[in-house]
Amino acid sequence: MTAGEPYTVELAEDVYAYVQPDGGWCLNNAGWVSDGASTLLVDTAATERRARALSRALEDTAVPGPGLLVNTHHHGDHTYGNKEFMPATIVSHAACRREALASGQHLHPLWPQTDFGDVPIMGADMTFTDRTTLHVGDIEAEVIHPGISHTVGDSFVWLPHRRIVFTGDLVFEGGTPFFLMGSLSGSLRALEMLRELGAETVVPGHGPVTDPAAFDRAERYIRFVADVAEKSHASGLTPLEAARQTDLGEFAELRESERLVANLRRAYAELDGEPEGEGVDPFAGFMDMATINGGEMMTCHA
């Protein structure tokens, strides 16, 4: 599948979203807010080439280069391009910084044929544990940790003056939710926190810009996984066996349907009493997804 060209969406006179179709594996979204004198960037891209394209798109909106860069979580599609925006100050949850440094260039072993370019791992310069407020001139950007959800160190960026939220990978619009490295129950709590904001515009971590109905769509899938997990776990099926027997129904149309087996691994761990974010081998989850994907690793769309 060939990815479409990235595009910029002006959400307000001071807020932009940067969307990378088709939103599949390694094709994330980014965005920025600027008062014309200073700029905050939300996330980067998976490859040096794509990070440079993001930088050009930002320049095309005639705003200054970012002084602040928020990483919504540690996954390489959102962080590998950090170097392109130096000397910005990188901000993230403390666990995001820890996981970024610990996991290193974790996309490289999964997709060795992808030309990621020069993407040194750069952890945050400033971290927080609950929430923090960043200032872009007079604009306030609230960076909030919803708890363990997609990963152990997620954040979303809330712009109350425009009622716009950048969710990171708490939302995959048109794609399958993914919480192998986080928590099923935590993902539900994160969606409730997002609902309570009263946002009008939602910039997901992957897929087109959307609205708060995205939270309900994500919740329906996650509750579906919980139901499958409970029944299959009680029946003694492995996550792989359960995934192979499951009719996805309305969720079959979502991209990355193979994520079901990885999500079931996480759901089983929680049923077994493992702490959220622990007790699951991510590599084994990816191998299970490759098995579901006809015995081949999923394609990196970057």
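Of the contacts in the protein (heavy atoms within 4.5 Å) with a separation of 6 or more, 67% are between residues 24 or more positions apart. This is a predicted model, in which local features need pLDDT of at least 70, side-chain atom pairs count only at pLDDT 80 or more, and totals for chains, interfaces and linings use all residues. Residues are numbered from 1 along each chain as its sequence is written, and side-chain values use heavy atoms, with hydrogens and water left out.

**Size and surface**

- Along the principal axes, the C-alpha atoms fill a box of roughly 60 × 40 × 30 Å.
- Of the 302 residues, 58% are buried (under 20% relative accessible area, 1.4 Å probe, protein chains only).

**Secondary structure**

- The protein has 9 helices and 12 strands, which are DSSP runs numbered from the N terminus (helices H or I, at least four residues; strands E, at least two).

- An open sheet with mixed pairing is formed by 5 strands in the order 8-9-10-11-12; two strands pair if DSSP finds at least two bridges between them.
- Strand 8 (131–136) and strand 12 (201–206) are at the edges with a single partner strand each, so one side of each has no neighbour in the sheet.
- Strand 9 (residues 139–144) pairs with strand 10 (residues 156–159) in the antiparallel sense over 3 bridges.
- Opposite Glu142 stands Trp158 in strand 10.

Note on methods. Buried < 20%, exposed > 50% of the residue type's maximum accessible area, 1.4 Å probe, protein only.
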